[in-house]
Amino acid sequence: MSKSVLVINCGSSSIKFALLLEEQNFRIHGLAENLGTENARIKGVTVGNEPVDIHIPFADHKKALEVGLERLANYRPDAIGHRVVHGGSLTKAELINDEIIEKIREATPLAPLHNPAHLIGIEATKRLFPELPQVAVFDTAFHQTMPAHAYRYALPKFLYTAHGVRRYGFHGTSHAYVSERGSELAGSFKQGGWLTAHLGNGSSTCAVWNGKSVDTSMGLTPLEGIVMGTRSGDVDPSLHSFLAKNLGWDIYKIDKMLNSQSGLLGLSDLSNDMRTLIEASEQGNEDAALAIEVFCYRLAKSLAALSCGLPRLNGLFFTGGIGENSAYIREKTMTYLPHFGFSLDKNANNELKRGTEGRIDSGTGPQIWVVPTDEEGRIAREVQSVVELEVERNTAKKSQAEVMPA
């Protein structure tokens, strides 16, 4: 069993890395954020809970990884796990080899903001730790339990059968961990019906029944669904032809606009950071206020729709950078869902701080919880399972070879 796992999580504008040591039950972790800007930096903690804060102005993913991994040079993990948004036809964690790398590359059109960053992370760690087993853990895997009526689009059948055009869903490691941990806190481990809201620069919702995903907001790519930091979420599909005919935009410009220039940033014309928007809204910025309102309304609308996949609604879990930290966004979202019987405890909601899990409903109606996500811990567990299975296979092959006649 792998006693320590280095987890690399390359996002569209950030990189999380964590070295999880099982025996000591602690982590060395860091976050590279605001990549590509003057404010790019790495924050985290090292052994002894010593803080790390390194300013790396205008650093890209590659530079941030090099700086971050240099700080782990004295620690030798037993295995490395990479969070990969989209693996196309790959639906479970896989030991990384040339074939898997190529499949991740082939799936890049389905996750254009993420898969290129994941490949940079894989390249960097293979160069630094060439002898270690490395595993790709896919965001899509948790959602493979969705029924066909949830994942099929109403398109010609050949697009699905020949080209795999369907809803895949993302943020799977987060929704899996949060629904599992949350249901445990609620006293009904992997039982009942729960809604999860993973809210950050990338955001999605999920409906979970008895521990399995039955529907989610994201689709073929991470663009579908609710409003995000720079992604539009759902729009009329005819928007593409409208922009092409009236503005002369090509498909690449439209795609970039929807993925990188829309969402909270596009609505506010100010920022994709919810903290900045809340502050601006309080100072009277109407565009920032509208961006927040659209975000919360679309979120509530998605949660209400996903409840159709649940035979019973036990409650709701908030997670992710916004979901864990913003009592304001949680409260505003709940005001759009009065007909579900939710009853928010405002004091409990306002008192909950970052990294703290807790229940924030008043005790009547469906439960409401804040559950800090642990994608790194979930990824490490999956990495361990893949490595253990590979060791068992190699042992069995060796034993079989020893008993074969010469």
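Which residues does L306 touch, not counting residues up to four places away in sequence?

**View 1. L306 sits in helix α11.** This is a predicted model: local features need pLDDT of at least 70, side-chain atom pairs count only at pLDDT 80 or more, and totals for chains, interfaces and linings use all residues. Residues are numbered from 1 along each chain as its sequence is written, and side-chain values use heavy atoms, with hydrogens and water left out. Leaving out residues up to four places away in sequence, L306 touches L195, T205, C206, A207, D215, T216 and S217. Contact means heavy atoms within 4.5 Å. L306 is buried, with a relative accessible area of 5%. Buried means under 20% relative accessible area, exposed over 50%, and partly exposed in between (1.4 Å probe, protein chains only).

**View 2. Six strands form an open sheet.** Their order is β11-β10-β9-β12-β14-β13, and the pairing is mixed. Helices (H or I, at least four residues) and strands (E, at least two) are DSSP runs, numbered from the N terminus. Two strands pair if DSSP finds at least two bridges between them. The edge strands, β11 (212-216) and β13 (358-359), each pair on one side only. β10 (residues 204-209) pairs with β11 in the antiparallel sense, over four bridges. C206 stands opposite T216 in β11. Helix α11 lies across β9, β10, β11 and β12, and runs at about 20 degrees to β10.

**View 3. The largest nonpolar core has 34 residues.** Such a core is a set of buried Ala, Val, Leu, Ile, Met, Phe, Trp, Tyr and Cys residues joined through side-chain atoms within 4.5 Å. Those with the most contacts inside this one are L199, M274, F295, L316, F318 and I329. α11 gives the most to this core, with ten residues. Another core, of 23 residues, lies apart from it; A59, A64, I80 and A117 are among them.

**View 4. Helix α1 (residues 61-70) meets helix α3 (residues 115-128).** Their axes come within 10 Å and cross at roughly 35 degrees. Axes are lines fitted to C-alpha atoms, for helices over the stretch in contact, and angles run from 0 to 180 degrees between N-to-C directions. From α1, H61, K62, L65, E66 and L69 meet A117, I120, G121, A124, T125, R127 and L128 in α3.
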